[in-house]
Each structure stands twice: as structure tokens, then as C-alpha cells.
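Dear colleague,

Please find below the structure that I am passing on to you. My notes on it follow directly after.

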Amino acid sequence: MNHMKEKLEERAVALNQILEEQNTGIQLVYTKQFSHNEECEGYIIQQKEKAVAPIVYISPKIPDWWEGSDQEVAEKLQEISKIEPMDEIERFIHHKIDRQYLLDHVYFALVSGQKYEQMVNNDLLLDRWCDLAVKYSVSLPTFSEDASGSIRVSNQMMETYDIEKEELIEACIRNMEQQVAMMSLKEQMAELLGMDTSEMPDFGEEERVLPEITVITNKSLLDGAGSILLLSVQKRLERKYGSCFAVLPSSRHEVLIAPLTDGVQEAIFYQKMVKEVNETQVEPEDFLSDHVYVYRNGNFTTVSEHCIF
């Protein structure tokens with residue numbers, strides 16, 4: 001029994017009555033969707049004569065909209081519906097997105113594969129890669145200083161714009177190759193600290209390891225882990241590491257590449273490290289996997305405790 005669904009639907013009746021009495025043109029509809037790796041429940045804020053509708057979820061990150069009396073919550077939801085970028089996004093989607101825009105701005109990204117079947121049932125275009133899922137999205141312009149947006153590619157969208165899967169993937173590769181960012185872990189740490197690499201503090205024994213770790217992401221630092229799927233990236237990594245190396249899923253925004261010299265035991269050590277970092281430092285919406293992947297001669301395999309490669 002989904003008690004949250006019952007609670008949301010029951011309260012929607014009272015909230016919709018208030019919104020109708022005040023002639024707001026707003027109607028709340030219960031929804032359960034996948035957002036950043038998590039199954040979320042909340043309301044779609046539907047508005048008359050508007051095709052784009054904001055969604056509010058019950059989430060610790062948005063703790064206050066649900067609190068208060070029905071009248072107070074209705075007022076908060078009205079304010080959310082008036083957020084200026086929503087109108088800009090609606091105008092853009094209706095008047096600017098066409099087949100060519102989609103192909104010029106589409107990309108693929110790696111996300112956790114734990115909810116693959118449920119995501120497929122939501123008509124999202126997905127593929128599998130090892131134990132992860134590959135999603136396809138179209139980036140939108142920046143409509144406000146603190147936000148960037150994208151829309152997920154669905155099977156219906158593919159039919160609407162008459163795009164074949166092969167053409168879509170070719171467009172993703174073309175777009176993503178222009179945005180790839182590769183750097184050593186030491187270079188990334190220096191950039192985050194606002195330092196030159198020569199100014200970095202002494203990390204002792206770890207100092208020897210840092211230059212050997214490569215960070216794979218993109219220029220926006222968002223949804224960059226999928227860059228590892230690009231053949232051009234794999235070839236560049238082969239030039240540095242040879243035909244075999246480890247891929248550590250840092251988050252959906254980046255992966256780390258590490259050398260493999262001792263085989264299985266080294267890969268299992270990396271996996272324990274990834275699991276520990278996931279448990280202590282990675283937000284649930286950014287989580288990819290507790291597994292490490294081994295690249296060997298153009299193929300990827302997933303490390304298990306009893307693997308042999």
C-alpha cells in the first residue's frame with residue numbers, strides 16, 4: 001500500500017478546491033516519476049493553456065512547500081507556477097525545438113541501472129551498459145543564472161521527429177566529442193582549490209598516485225560520466241594506460257581512470273574504495289554504481305569479487 005500516494009491524492013482534493021475557488025486556473029495532479037536516480041512523488045502543477053507544467057516533489061531538499069495549512073500550501077504552489085523561466089521554457093519548446101535543434105543538442109549520459117525497467121515503462125529512450133543505464137537528453141539554454149535544463153528523449157519524441165536510433169547516437173557522439181574534458185586528478189584538485197599544480201600541498205605517498213588517475217567528464221561538469229563511452233576517449237586512454245585499465249564510477253558527472261598492473265586484486269581494491277566513497281560522499285541522485293569496470297582491448301567488463309579477466 002502506497003500511503004504517500006493516498007496522502008497526496010487526498011490533500012490534492014482540498015488544494016484543488018481552493019485553487020478553483022480563487023480562479024487560479026491551476027489543477028494539481030499526483031505523479032510518481034524518476035528524477036536523478038530516485039523514485040519521487042509529488043504534484044504536476046497543470047495550468048490552463050500551458051503545455052509545460054512544473055512538478056514539485058516531496059523531498060528533503062524542498063522541505064517547506066508541503067508544510068502549513070491547505071490555504072498556505074495553495075499559495076506556495078501558485079508562486080511556484082509563476083516562476084519566470086517556466087514561461088521561457090514553454091515558449092522555447094514550442095517555437096525553437098525542431099528536428100535539427102534536437103540533433104544538435106542531444107547527448108547520452110550514464111545513470112544507475114537499478115530502476116531500468118521502471119524507466120523503460122515511462123517511455124524513456126534507454127540502453128544498457130554493464131550494470132548501468134544510458135539515457136538520452138537534449139540540453140536547453142540557460143534560462144536563469146543558477147539553473148541549467150534538459151529534456152529526456154522519449155520513444156514518442158523519436159517518432160515525432162522521425163529520427164532513427166543510429167542517427168541519434170551519431171549526433172550524440174558528434175556533440176559530446178566537442179565537450180569532453182580530461183585531466184589528471186591532481187589537476188582537478190588544483191582547479192577546485194584555485195591553485196596551480198606546483199602550489200599543491202604535499203600528499204606524501206598519495207602524491208605518486210594522483211598523476212596516474214585521469215578524470216573523464218565534460219566542460220559543463222554535468223552528466224559527464226557518459227564520455228567514457230566515446231571511442232575517441234577510449235583511444236586516448238589507451239595511449240596513456242595501454243590496452244587495459246580500470247574505470248571507477250565517481251558519480252554520474254565523472255568517472256576516474258586508474259592503471260591496472262596487479263590484475264584482479266587491484267581491481268577489487270578499487271571497488272572497495274568506490275563503495276566507501278559512495279556511502280560517505282556521493283549524493284543519492286548522483287550515484288552510479290558500486291562496481292568497477294575493466295577496459296581490455298575495446299571491451300568493458302564489470303568487476304565482481306570472484307572475477308577473472
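**Surface patch**

F269, M273 and V277 make a nonpolar surface patch of about 250 Å². Please note that the model is a predicted one. F269 is located in helix α11, which spans residues 264-280. With a relative accessible area of 52%, F269 is exposed, as the cut-off for that class is over 50%. In soluble globular proteins, nonpolar side chains tend to be buried together.

**Nonpolar cores**

The largest nonpolar core has 40 residues, and among these I228 and I257 touch the most other members. Strand β4 (residues 106-112) supplies the largest share of this core, with 5 residues. Leaving aside residues up to four places away in sequence, I257 is in contact with E212, I213, T214, I216, I228, L237, Y241, F245, A246 and V247. There is also a second, separate core of 18 residues, and L185, A258, V274 and V294 are included in it.

**Salt bridges**

How many salt bridges does a search of the whole structure find? The search returns 9. Three of them are described here.

In one, R11 pairs with D70, and the closest N and O atoms are 2.9 Å apart. R11 belongs to helix α1 (residues 3-21) and D70 to helix α2 (residues 70-81), so the pair ties together parts that are 59 residues apart in sequence. The two partners fall into separate accessibility classes: R11 is buried, with a relative accessible area of 14%, whereas D70 is partly exposed, with a relative accessible area of 26%. The limit that applies to R11 is that buried means under 20%.

In another, D127 forms a salt bridge with K165, with 3.0 Å between the closest N and O atoms. This pair links distant parts of the chain, 38 residues apart, with D127 in strand β5 (residues 126-129) and K165 in helix α7 (residues 165-177). D127 counts as partly exposed at 23% relative accessibility, and K165 counts as partly exposed at 29%.

The side chains of K135 and D223 also meet in a salt bridge, at 3.4 Å from N to O. Because K135 lies in strand β6 (residues 132-139) and D223 in the loop between β9 (214-218) and α10 (231-241), the pair ties together parts that are 88 residues apart in sequence. K135 counts as buried, at 7% relative accessibility, and D223 is buried with a relative accessible area of 10%. K135 and D223 are linked with R252 and D286 in a network of salt bridges. Side chains of opposite charge can pair when their charged atoms come close.

**Backbone angles in two loops**

Which phi value does N23 have, although it is not a glycine? Phi of N23 is positive, at about 55°. N23 sits in the loop between α1 and β1 (26-35), and at 71% relative accessibility N23 counts as exposed.

N297 is likewise a residue other than glycine with a positive phi, here near 50°. N297 is found in the loop between β12 (293-296) and β13 (299-302). At 52% relative accessibility, N297 counts as exposed.

With kind regards

Notes:
Residues numbered from 1 in each chain as written. Predicted model: local features only at pLDDT ≥ 70, side-chain atom pairs only at ≥ 80, totals over all residues. Heavy atoms only, no water. Patch = residues over 30% accessible without salt bridge, like charges linked within 9 Å, V, L, I, M, F, W, Y side chains within 5 Å. Areas by Shrake-Rupley, 256 points an atom, 1.4 Å probe, with all protein chains shown as cover. Salt bridge = Lys/Arg side-chain N within 4 Å of Asp/Glu carboxyl O. Helix = DSSP H or I, 4+ residues; strand = E, 2+ residues; numbered from the N terminus. Buried < 20%, exposed > 50% of the residue type's maximum accessible area, 1.4 Å probe, protein only. Core = buried A, V, L, I, M, F, W, Y, C linked by side-chain atoms within 4.5 Å. Contact = heavy atoms within 4.5 Å.
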